[in-house]
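Dear colleague,

Please find the structure below for your records.

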Amino acid sequence: MFYTYGGVFVGAVWLMGLGAFVASAFQGADPLEGVRDAADAILPGSGTWLLVAALPGLISVITVNIYAASIETITIIDSIRPVRPTRTLRVVTCLAIATAAVIGSLLSTGEFLANFSSFLVVLLYVLVPWTSINLVDYYLVRKGHYVVRDIFTPNGVYGAWGWRGLLAYAIGIVAMIPFVVTVWFTGPIAQLLGGADLALFVGLAASAIAYVLLSRSLDLDRERAAAERDVTETGHQAVAFSSRRR
């Protein structure tokens, strides 16, 4: 595990460090031009060759991202209406995602980095409240007791929709709005704070508190009994950290 983590960590950190160095040394320059100029400053004439050498890696990353987005899109569709992830379907979704990416990059020409940075921030806004709910559910509410097979069964103990989680998620998103900072919209409280972005912390806390309060109506004893039966009947590991009954 250490070697896997070390490879991922080193592979990401040195690029982040390089990006920070280029951004500070060549302020206002295009990212590609900055990398080229930095390489030329170290070894004259090496900048262009460095960009050419990095092209295969860039293409492979883009390819993996498009394919991953394709699989995720098919998964979303399958959760609404069952579909088979055939080769044709995967090719079509890959082409659709690639086309959407090209159109998006063309429409944002001139302010691409600012728009892309805000897009990444919005992804964090969307993910943080849901992550908070999952962690609270596991460690504070259900304490690791789950009926594994019912997670995939609409008529199981959890039902087709977890309205408590969805409502807590919505509360977290709404609570974040006054604090968000993007190129498209800055919340009123963020403006009063001089552009300080506290939305992630607000969403984390709001969704967690809301979910804890909403979960007070759960019948946890019935769920734990079902979890124990699931272990006995199927051998699923329903309790990860705590195997004791409450």
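**Findings**

Helices here are DSSP runs of H or I with at least four residues, numbered from the N terminus. The model is predicted, with local features requiring pLDDT of at least 70 and side-chain atom pairs pLDDT 80 or more, while totals for chains, interfaces and linings use all residues. Residues are numbered from 1 along each chain as its sequence is written, and side-chain values use heavy atoms, without hydrogens and water.

The count of salt bridges (a side-chain nitrogen of Lys or Arg within 4 Å of a carboxyl oxygen of Asp or Glu) comes to five. One of them joins Arg142 and Glu223, at 2.5 Å from N to O. This pair links distant parts of the chain: Arg142 lies in the loop between α5 (112-141) and α6 (163-176), and Glu223 in helix α9 (residues 220-234), 81 residues apart. Arg142 is buried at 10% relative accessible area, and Glu223 is buried at 5%.

Within helix α9, Arg224 and Asp221 are separated by about one helical turn, because they are three residues apart. Their salt bridge has its closest N and O atoms 3.7 Å apart. Arg224 is buried, with a relative accessible area of 10%, whereas Asp221 counts as exposed (over 50%) at 53%. Salt bridges with shared partners also join Asp137, Arg142 and Glu223 into one network.

Yours sincerely

Notes:
Helices (H or I, at least four residues) and strands (E, at least two) are DSSP runs, numbered from the N terminus. Buried means under 20% relative accessible area, exposed over 50%, partly exposed in between (1.4 Å probe, protein chains only).
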